[in-house]
Amino acid sequence: MKKSPKVVITCAVTGSIHTPTMSPYLPITPSEIVDAAVGAAEAGASVIHLHARDPETGKPTPDPRLFMDFLPRIKQQTNAVMNISTGGGLKMTLDERLEAAHAAKPELCSLNMGSMNFALHHIAPKYTDWKYDWEKGYLEDTKKGIVSNTFEQIERIILEVGQAYGTKFEFECYDVSHLYTLAHFLDRKLLKPPLFVQTIFGLLGGIGSDPEDMMHMRRTAERLFGDDYLWSILAAGKHQMNLCTMGAIMGGNVRVGLEDSLYVGKGALAKSNAEQVAKIKRILGELSLEIATPEEARQLLDLKGGNEVGF
């Protein structure tokens with residue numbers, strides 16, 4: 001692992017997992033996403049991971065016009081790296097998932113490294129009064145569907161976005177097999193190091209959230225990539241802060257945000273993304289770990305720079 005002299009904090013501000021019923025603080029409209037992103041950057045995040053939502057219903061959408069509504073406004077107010085999702089939302093086609101990346105030509109995009117059972121159906125029984133009609137079915141449908149990221153789809157994203165625009169990737173690895181898939185594309189020389197490897201824990205359908213699960217992913221990545229990767233940790237729900245802290249102590253970077261967890265503490269909804277960023281920054285500061293600025297993150301990740309994007 002290429003150890004970072006400072007910790008890169010990524011904040012995923014809205015995502016496509018949680019629905020409006022689950023938290024009144026989930027950013028929905030472009031203006032809310034702008035405020036969330038700027039607040040997270042001011043709190044210490046150097047990378048902002050972005051999805052779009054229908055401003056009327058809160059449903060995840062691939063509409064590039066909505067992305068282009070908030071991306072320039074965030075860029076005007078912060079120097080943070082903007083990381084555009086290519087995972088999109090459930091049931092989106094690959095063409096739809098790539099629309100925003102083609103429009104924005106960003107410095108960084110997420111890239112899920114395998115098809116998987118991306119299960120959210122077990123969350124639905126926790127709620128009875130839904131704010132919007134689409135929410136319950138959206139979650140329940142994950143019991144019978146998969147999120148598709150075939151080798152062909154991954155290769156297409158690498159070629160159409162990475163090689164076409166000089167965009168780098170946050171490689172989202174939900175299980176050990178995803179690390180081996182990433183190694184396959186590196187061996188084929190379709191990718192160049194340093195790889196930004198985001199290991200994800202605690203999502204039903206992926207690897208678990210035990211500290212030993214994290215150690216196993218790290219050991220595997222070390223064996224496959226050596227010094228050719230930077231490690232980052234993302235943990236779902238209640239596991240967010242403890243696994244991020246553990247990983248940062250071992251030389252990793254961290255990701256927080258309302259996409260990954262709606263809470264800032266036990267039973268306490270986070271009122272903003274900035275609240276989570278401030279908490280992890282405070283924890284890491286107490287451990288004498290320094291936080292990377294956006295420009296330091298760009299250097300670590302070998303990004304093309306904010307002046308080379310399409311917005």
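Helix H4 (residues 134-140) holds both Trp 134 and Tyr 138, which sit four residues apart, or about one turn of the helix. The model here is a predicted one. Both side chains belong to buried residues: Trp 134 is buried, and Tyr 138 is too. Another ring, that of Phe 311, has a charged neighbour: Lys 75 lies over its face, 5.5 Å from the ring centre.

Now to the strands. In strand S7 (residues 168-173), six of the six residues are buried, so the rest of the structure largely encloses this strand. That holds for both faces of S7: on one side Lys 168, Glu 170 and Glu 172 are buried, and on the other Phe 169, Phe 171 and Cys 173 are buried as well.

S7 also has strand partners. Strand S6 (residues 108-112) pairs with S7 in the parallel sense over five bridges, and within that pairing Ser 110 has Glu 170 of S7 as its bridge partner. Strand S8 (residues 195-201) pairs with S7 too, again in the parallel sense, over four bridges. Here Cys 173 stands opposite Thr 199 of S8. To get from S7 to S8, the chain passes through helix H6 (residues 176-187), making a right-handed β-α-β crossover.

Key: Residues numbered from 1 in each chain as written. Predicted model: local features only at pLDDT ≥ 70, side-chain atom pairs only at ≥ 80, totals over all residues. Heavy atoms only, no water. Helix = DSSP H or I, 4+ residues; strand = E, 2+ residues; numbered from the N terminus. Buried < 20%, exposed > 50% of the residue type's maximum accessible area, 1.4 Å probe, protein only. Lys NZ or Arg CZ within 6 Å of the ring centre and 35° of its normal. Pairing = 2+ DSSP bridges. Right-handed = clockwise from strand over helix to strand, strands pointing away.
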